[in-house]
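Hello,

Here is the structure we talked about. Please look it over, then read my notes below.

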Amino acid sequence: MNNNLLLKISESLDSDRLDLSELAAEINHIISKHELSEQLELNGKINKQQLNRLFSVLNLVDMDPSVKEHITWNYFKNKCDETDTTYINEELLEEIIANYMENQYLGLESVIIDALKTDRIQLNQILNLEKIFFSKAFIKESVAYKYREIVRNGGILDKEQVATLLKYRAYTSLEFAIEQHAVSKDGLNEIHKPNNHENDRRLREKLFYKAQKLYSLSDNRGD
């Protein structure tokens, strides 16, 4: 990227002589002289402290929406990564949701989806999230998360739940349930050996053999 842009932006963000409105005005002056392609590279070049200061004036800065989305995504991703608790705290989650409701940045939905994939959302927060996010990717991860919670709490996935996981291609969650011996016999019967031309053949084949092994164990125990 243009090193001159990075240097000027970095100097402004590091300066303690500027209040927020002055900082925004200075950034606007600098940004106006540079192409969108250069602005897009800025997000990956500034450090976390500079990123935090830039985010604090983002609503006052005249950047392209795509640049603002990159910065916003990076800001909240860092916040989530820095959280040292099992779950993302309620205050941070509400801040992400509020920003999404205001700006509709898809990058923020990806932050939520990543949190679901890594089990960093609490079950009681899912209902609220389901009123806000509606993409196929979110629905898949929301369903998969709830079914993993059933397994973690000692429950057993039934035929319909297994079929749902297969429909969403949530193979990792289904594999987790099988490994925990948390799938009913009817559910195991839903897992068929794929033919050579099916999508995800290797993953489905791996699931099939694990399911067959669990089915055999169940027969031996007389379940």
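**Salt bridges**

Lys48 forms a salt bridge with Glu82, with the closest N and O atoms 3.7 Å apart. The pair links distant parts of the chain, 34 residues apart: Lys48 is in helix α4 (residues 48–56) and Glu82 in helix α5 (residues 65–82). A salt bridge here means a side-chain nitrogen of Lys or Arg within 4 Å of a carboxyl oxygen of Asp or Glu. Helices are DSSP runs (H or I, at least four residues), and strands are too (E, at least two), numbered from the N terminus.

A word on the source: this is a predicted model, where local features need pLDDT of at least 70, side-chain atom pairs count only at pLDDT 80 or more, and totals for chains, interfaces and linings use all residues. Residues are numbered from 1 along each chain as its sequence is written, and side-chain values use heavy atoms, with hydrogens and water left out.

Back to the first pair. Lys48 is partly exposed, with a relative accessible area of 46%. Glu82 is also partly exposed, at 45% relative accessibility. The terms are these: buried is under 20% relative accessible area, exposed is over 50%, and partly exposed is in between (1.4 Å probe, protein chains only). The areas come from the Shrake-Rupley method with a 1.4 Å probe, and for residues only the protein chains shown count as cover.

By the salt-bridge rule the count comes to 13. Two others deserve a note.

Arg148 forms a salt bridge with Asp119, and the closest N and O atoms are 2.8 Å apart. Arg148 lies in helix α9 (residues 136–152) and Asp119 in the loop between α7 (106–117) and α8 (123–129), so the pair ties together parts 29 residues apart in sequence. Asp119 is partly exposed, at 23%.

Glu130 forms a salt bridge with Lys146, again with the closest N and O atoms 2.8 Å apart. Glu130 sits in the loop between α8 and α9 and Lys146 in helix α9, so this pair ties together parts 16 residues apart in sequence. Glu130 is partly exposed, at 25% relative accessibility. Lys146 is partly exposed too, with a relative accessible area of 28%. Salt bridges that share partners also join Asp119, Arg148, Glu149 and Arg152 into one network.

**Negative patch**

Which residues form a negative surface patch? They are Glu90, Glu91, Glu94 and Glu95. Patch residues have over 30% relative accessible area and no salt bridge; like charges are joined within 9 Å, and nonpolar side chains (Val, Leu, Ile, Met, Phe, Trp, Tyr) within 5 Å. Lys and Arg count as positive, Asp and Glu as negative, while His and the chain ends are not counted. The place of a charge is NZ of Lys, CZ of Arg, CG of Asp or CD of Glu. Glu90 is in helix α6 (residues 90–103). Glu90 is partly exposed, with a relative accessible area of 40%.

**Aromatic pairs**

The structure holds 6 aromatic pairs. One of them, Tyr75 and Phe76, is edge-to-face: 5.0 Å centre to centre, with 80° between the planes. Tyr75 counts as buried, at 10% relative accessibility. Phe76 is buried as well, with a relative accessible area of 0%. The rings of Phe133 and Phe138 have centres 5.5 Å apart and planes at 40°, so that pair is tilted. Both Phe133 and Phe138 are buried. Ring pairs also link Phe55, Tyr75 and Phe76 into a cluster. The rule: rings of Phe, Tyr and Trp (its six-membered ring) pair if their centres lie within 6.5 Å; planes under 30 degrees apart are stacked, over 60 edge-to-face, and the rest tilted.

**Backbone and distances**

His181 has a positive phi of about 55°, although it is not a glycine. His181 is in the loop between α11 (171–179) and α12 (185–189). His181 is partly exposed, at a relative accessible area of 41%. Asp200, also not a glycine, has a positive phi near 55°. Asp200 is in the loop between α12 and α13 (201–221).

Glu69 lies in helix α5. Glu69 and Gln104 are 35 residues apart in sequence and 9.2 Å apart in space, C-alpha to C-alpha. Leu166 and Pro65 are 101 residues apart along the chain, and their C-alpha atoms are separated by 37 Å.

Best wishes
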